[in-house]
Amino acid sequence: MTVLIGRGKGMRLEEAKLEIERKLKEMVDRDAKIPNAYLLVHSDRHAIHWSLAHGGSDDMPANAEQPYHTASIAKTFTAMIIAKLVEGGKLLYEDRLDKYLQDDLMSDLHIYKGKDYSREITIQHLIGNTSGLGDFYEEKPKVGKPFLDIMLDEPSRYWSAKETIEWTKQQISPRFKPGEKVHYTNTGFNLLGLVIEEVTSKPYHQVLHEMIFQPQRMNHTYLSQSSEPAEQNPYPVAKLNLKNREINVEDYRSFSSIYAGGQTVSTSEDLLKFMKALAAGSVVHKDTLESMKQWQKMWIGVDYGSGLMRVRMLPIIQKYNVWGHLGSIGSFMLYNPGMDIYIIGNFNKSGHLTKTVRFLFNTLRTLSKAIS
């Protein structure tokens, strides 16, 4: 009689780790425009904590503890500050924007088909990307160079949040009247940053540290061009590739423009601390969090809530669904509740979002096979 002995879960997990690491290396090695990549897979339920890095820059190999630009992941930080202010009775989601911002900034902010909707925009419209406002960072302007090109060509130029709003008003037309649809806009989150400053009477970066980074012990996280981390990281900020230019965000004062929409520098471990606390109800109350997960379709397979994304990897099967946030440079801070797995990292390359999601799906599928 032949007795078949199956592989233990520990062996399957080790094989899964090797497979995921191999695919990470392959993705970096076959794309010369990816300077480095970072991946942290964590699960308390399955006793997993894999912190990986590959690639490098300036003759220094990438290190898993290295800080990197998070891009739009930081929109979740902004959204949680707003949520905490709502919980504290400092503002309401239904409040109109003109309650907090000055007339000169509100003037002609949202003119759509000849009608002025500027004073109909609410906090909820901004946090849910339903304001209809255009996006200064990614959309084509009426005249001149795209904003990202200006940032890269004029690295020493400082941009205030108000200047990005004025640039938007001049160069980018609104897409629809407030509340009609979902349209991703950095302009809306910069407006939320200004609301935060008005409500708290403090600079946005100070509130960010006091309400998010310090409570969650995110000691290596800060707002680039505006603040410093609580502890200096022994490794330099990882370089990223923007429009075929390999840059260090610390050398670009122009990154001040991204402000409350995604200017944060962090590490995978710090982002894990935040995401675990968020899922556990330690950042905002659990009922608040659930209300922020009222999803509306934004892109194919990607829905938006209030400063949160849900990625539906397969149309029908929910097993691989994750929520959290993605960034345009292939950054990700996500949680899969079905398997209790956190996936955090960055590919540091603009235009890499679709490939990043595909990589994440394959990673989750590999993990699913290992833990089943």
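Reply: Happy to, and a place to begin is Ile 172, which, leaving aside its neighbours within four places in sequence, is in contact with Gly 134, Asp 135, Phe 136, Glu 139, Lys 140, Pro 141, Lys 142 and Trp 167. Please keep in mind throughout that this is a predicted model.

Me: Where does Ile 172 sit, and is it buried or exposed?

Reply: Ile 172 is in the loop between H6 and H7, and it counts as buried because its relative accessible area is 6%, where buried means under 20%. The C-alpha atom of Ile 172 is separated by 11 Å from that of Gly 132, and these two residues are 40 residues apart along the chain.

Me: What about helix H6 itself, which of its residues are buried?

Reply: Helix H6 covers residues 161-171, and its buried residues are Ala 161, Thr 164, Ile 165, Trp 167, Thr 168, Lys 169 and Gln 171. Trp 167 is also one of the residues in contact with Ile 172.

Me: And which helices do those buried residues pack against?

Reply: The buried residues of H6 pack against helix H3 (103-106), helix H5 (147-153) and helix H7 (186-200).

Me: Switching topic, which residues touch the most other members of the largest nonpolar core?

Reply: The largest nonpolar core has 99 residues, and Met 80, Ile 212 and Leu 278 touch the most other members of it. Apart from that core lies another one of 22 residues, which includes Leu 148, Leu 240, Phe 255 and Ile 258. As a general point, nonpolar side chains in soluble globular proteins tend to be buried together.

Me: What does Leu 278 touch?

Reply: Not counting residues up to four places away in sequence, Leu 278 touches Thr 76, Met 80, Val 283, Val 284, Leu 289, Leu 308 and Trp 323.

Me: How many cavities are there of 30 Å³ or more?

Reply: The count comes to 1 cavity of 30 Å³ or more, and about 110 Å³ of space lies in the largest cavity. Of the 15 residues that line the largest cavity, those closest to its centre are Ala 71, Ser 72, Tyr 137, Ile 258 and Ser 328. Ile 258 is also listed among the residues of the 22-residue core.

Me: What classes of residue make up that lining?

Reply: The lining of the largest cavity has 8 nonpolar, 6 polar and 1 charged residues.

Me: Let's go on to H11, then. What does Thr 366 do there in terms of contacts?

Reply: Thr 366 is found in helix H11, which spans residues 353-371, and, leaving aside its neighbours within four places in sequence, it is in contact with Ala 16, Glu 19, Ile 20 and Lys 23. The side chain of Thr 366 also reaches the backbone oxygen of Asn 362 at 2.9 Å, and Thr 366 is buried, with a relative accessible area of 15%.

Me: And Thr 363, what is it in contact with?

Reply: Thr 363 lies in helix H11 as well, and, leaving aside its neighbours within four places in sequence, it is in contact with Ile 20 and Ile 343. Thr 363 counts as buried because its relative accessibility is 3%.

Me: Last one: which residue has a positive phi of about 55° although it is not a glycine?

Reply: That is Ala 47, which lies in the loop between strand S1 (36-43) and strand S2 (48-57) and counts as exposed at 71% relative accessibility. Ser 201 is not a glycine either and has a positive phi of about 60°; it is found in the loop between H7 and helix H8 (204-213) and is exposed, with a relative accessible area of 66%.

Key. Residues are numbered from 1 along each chain as its sequence is written. This is a predicted model: local features need pLDDT of at least 70, side-chain atom pairs count only at pLDDT 80 or more; totals for chains, interfaces and linings use all residues. Side-chain values use heavy atoms; hydrogens and water are left out. Buried means under 20% relative accessible area, exposed over 50%, partly exposed in between (1.4 Å probe, protein chains only). Helices (H or I, at least four residues) and strands (E, at least two) are DSSP runs, numbered from the N terminus. Contact means heavy atoms within 4.5 Å. On a 1 Å grid over the protein atoms alone, a cavity is a set of points where a 1.4 Å probe fits but cannot get out, and a pocket is an open set with protein on both sides within 12 Å along at least five of seven lines; lining residues have an atom within 4 Å of a point. Grid points are joined across faces, edges and corners, and a volume is the space filled by probe spheres set on the points. Ala, Val, Leu, Ile, Met, Phe, Trp, Tyr, Cys and Pro count as nonpolar, Asp, Glu, Lys and Arg as charged, and the others, Gly among them, as polar. A polar contact is a pair of N or O atoms within 3.5 Å; within protein, one must be able to donate a hydrogen and the other to accept it, and residues adjacent in sequence count only if both atoms are side-chain atoms. A nonpolar core is a set of buried Ala, Val, Leu, Ile, Met, Phe, Trp, Tyr and Cys residues joined through side-chain atoms within 4.5 Å.
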